[in-house]
Amino acid sequence: MMQNNKRFFPNKLPLAAAVTAAIMATPAIAVDFHGYARSGLSTNTSSGGEQTCFGSGANGHFVGRLADECDTYAELAFGDQLFSQDGKTFRFDSMVSYEAINQGNDYQAFDGADDVNGVDFAGEETTRNNGNPYSGGEVAVRQLYVSGTNVIESLPGATLWAGKRFYKRHDVHQLDLFYINNSGYGAGVENIQAGAGQFSAAWINFDKQESDTIVQNNKLDLRYAFPVGESTLTLAGIYGMADLTDEQEAAGIMDEDGFFGTIELSSGFMGGFNKFVLQYATDSLGEAAFANQGGNASLNAPYYDGTLEKSWRVLNHGVVKLGGPWELGYSALYSKGETYGPINEEEPTRLSVVARPIYNWNSVTSTALEIGYEDVHHPYNDEETDLQKVAIAQQWSAGPGYWARPVIRAYAAAFFGDQAEAARSEGIDGDIQIGAQIEAWW
């Protein structure tokens with residue numbers, strides 16, 4: 001039973017009435033509200049219990065995200081234009097997110113999935129909230145910033161910003177992979193007209209826990225996007241720099257710098273688009289072209305010997321129309337890395353190929369089939385492991401098309417390969433997993 005701990009204060013009623021009257025007496029405030037959400041339920045019809053998922057929003061879904069999402073996640077964004085005069089505008093934007101990584105009960109507390117709620121000292125085990133059906137919810141402030149357009153007289157059309165934000169992210173939706181994601185606290189100027197294209201510059205920081213202290217790592221982010229024929233070529237460079245305090249330098253803490261570069265060619269293709277991407281990362285940003293963080297983490301010191309010192313990635317993805325009611329989302333990537341220490345004889349590699357054809361039956365009903373393959377050699381594994389997935393979903397959405405949302409889907413899926421055989425204690429290779437999920441953005 002939930003307990004309401006809010007107290008009633010009669011002497012506050014006049015103030016509340018005055019505030020209410022003031023709000024009612026002023027014109028309605030139009031606040032922009034947008035966001036993203038997903039949630040659902042699932043079961044394993046062969047082995048019982050909830051389905052097993054192999055990807056996540058943090059790590060990506062390299063066999064595709066359809067029928068491979070076991071969490072509830074939402075982003076709620078609120079913003080408004082606060083000033084507009086003589087072509088100059090200022091606006092405020094904010095976003096909070098909620099995630100519960102287990103499909104628990106009606107009530108799930110905002111107490112953090114990784115918070116310890118029990119310790120078995122004899123068995124040297126800890127119990128965390130992500131195993132508690134009434135706990136495990138996490139809330140985070142993801143964005144909180146102000147932007148001003150046309151406020152720098154010498155840079156017409158440019159936007160000045162400062163605060164915490166998602167900064168010019170590039171992603172593959174069906175993998176939930178953000179291959180450029182330099183987000184966080186920072187400031188910058190974007191969309192500066194420079195020749196045929198637009199230039200953007202930002203300064204964003206990343207904090208790394210280093211034993212009993214926190215090290216700030218600064219990142220200089222430079223972007224230039226310009227037309228090449230009917231396509232757009234984007235050049236992105238992120239340089240990470242350790243910013244140690246005098247005490248941290250005296251303590252001998254490492255101060256590694258690094259670089260992460262991206263070339264992306266975006267083209268219209270078959271009624272949709274295709275994007276071809278080349279990436280290279282080194283030193284403090286060495287993980288960026290292999291992991292699902294896209295330049296977010298600049299490490300003044302490696303986490304462990306298996307941390308990547310270098311990585312590169314080639315990626316091709318898009319969504320196209322195949323004719324009639326058919327559409328196709330597709331992606332193919334290969335990445336390779338080098339570790340700081342000699343963890344394994346073989347270097348880390350990843351190959352991922354995913355295809356999601358969709359047939360639109362009418363304006364609200366469609367069927368999606370997703371087939372995915374991954375072969376990955378993680379730095380901490382002796383051998384590479386593979387995973388295959390076949391998933392089918394019947395969908396009801398607000399309009400036809402690959403991008404139509406919100407959508408309600410009922411799905412069935414099966415996973416095969418090394419990773420499926422190693423899941424749980426008995427493996428789930430070939431098990432039929434079914435579920436229902438909603439996904440929305442607005």
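Q: How many aromatic pairs does the structure hold?
A: This is a predicted model, so local features need pLDDT of at least 70, side-chain atom pairs count only at pLDDT 80 or more, and totals for chains, interfaces and linings use all residues. Residues are numbered from 1 along each chain as its sequence is written, and side-chain values use heavy atoms, leaving out hydrogens and water. Rings of Phe, Tyr and Trp (its six-membered ring) pair if their centres lie within 6.5 Å; planes under 30 degrees apart are stacked, over 60 edge-to-face and the rest tilted. For aromatic pairs in this structure, the count is 14.

Q: What kind of aromatic pair do F54 and F415 form?
A: Look at the two rings: their centres are 4.9 Å apart.

Q: How many residues apart are F54 and F415?
A: F54 sits in the loop between β1 (32-44) and β2 (72-85), while F415 is in strand β21 (residues 407-416). Strands here (E, at least two residues) are DSSP runs, numbered from the N terminus. This pair links distant parts of the chain, and the separation of its partners in residues is 361.

Q: Is F415 buried or exposed?
A: Buried means under 20% relative accessible area, exposed over 50%, and partly exposed in between (1.4 Å probe, protein chains only). F54, at 24%, counts as partly exposed. The relative accessible area of F415 is 0%, so F415 is buried.

Q: Why is the pair of W326 and Y359 given its name, and what is that name?
A: The ring centres of W326 and Y359 lie 5.0 Å apart. W326 is partly exposed at 40%, and Y359 is partly exposed at 23%. Because the two planes stand at 65°, the pair is edge-to-face.

Q: Which strands hold W326 and Y359?
A: These two residues are 33 apart in sequence, so their pair ties together separate parts. W326 and Y359 lie, in that order, in strands β17 and β18.

Q: How many salt bridges does a search of the whole structure find?
A: Side chains of opposite charge can pair when their charged atoms come close. A salt bridge is a side-chain nitrogen of Lys or Arg within 4 Å of a carboxyl oxygen of Asp or Glu. Searching the whole structure gives a total of 20.

Q: How many residues apart are R65 and D176?
A: R65 and D176 form a salt bridge of 3.7 Å from N to O. R65 belongs to the loop between β1 and β2, and D176 to the loop between β8 (170-172) and β9 (177-180). Both partners are buried, R65 at 5% and D176 at 9%.

Q: What distance separates the closest N and O atoms of R165 and E190?
A: R165 is in strand β7 and E190 in strand β10 (residues 184-194), 25 residues apart. R165 is buried at 8%, and E190 is buried at 8% too. Their salt bridge brings N and O to 2.9 Å.

Q: Which residue forms a salt bridge with K208?
A: K208 is buried at 4% relative accessibility. Its partner is buried at 17%, and the closest N and O atoms are 2.9 Å apart. That partner is E210.

Q: Where is E346?
A: E346 counts as exposed, at 56% relative accessibility. Its place is in the loop between β17 (326-339) and β18 (349-360).

Notes. Helices (H or I, at least four residues) and strands (E, at least two) are DSSP runs, numbered from the N terminus.
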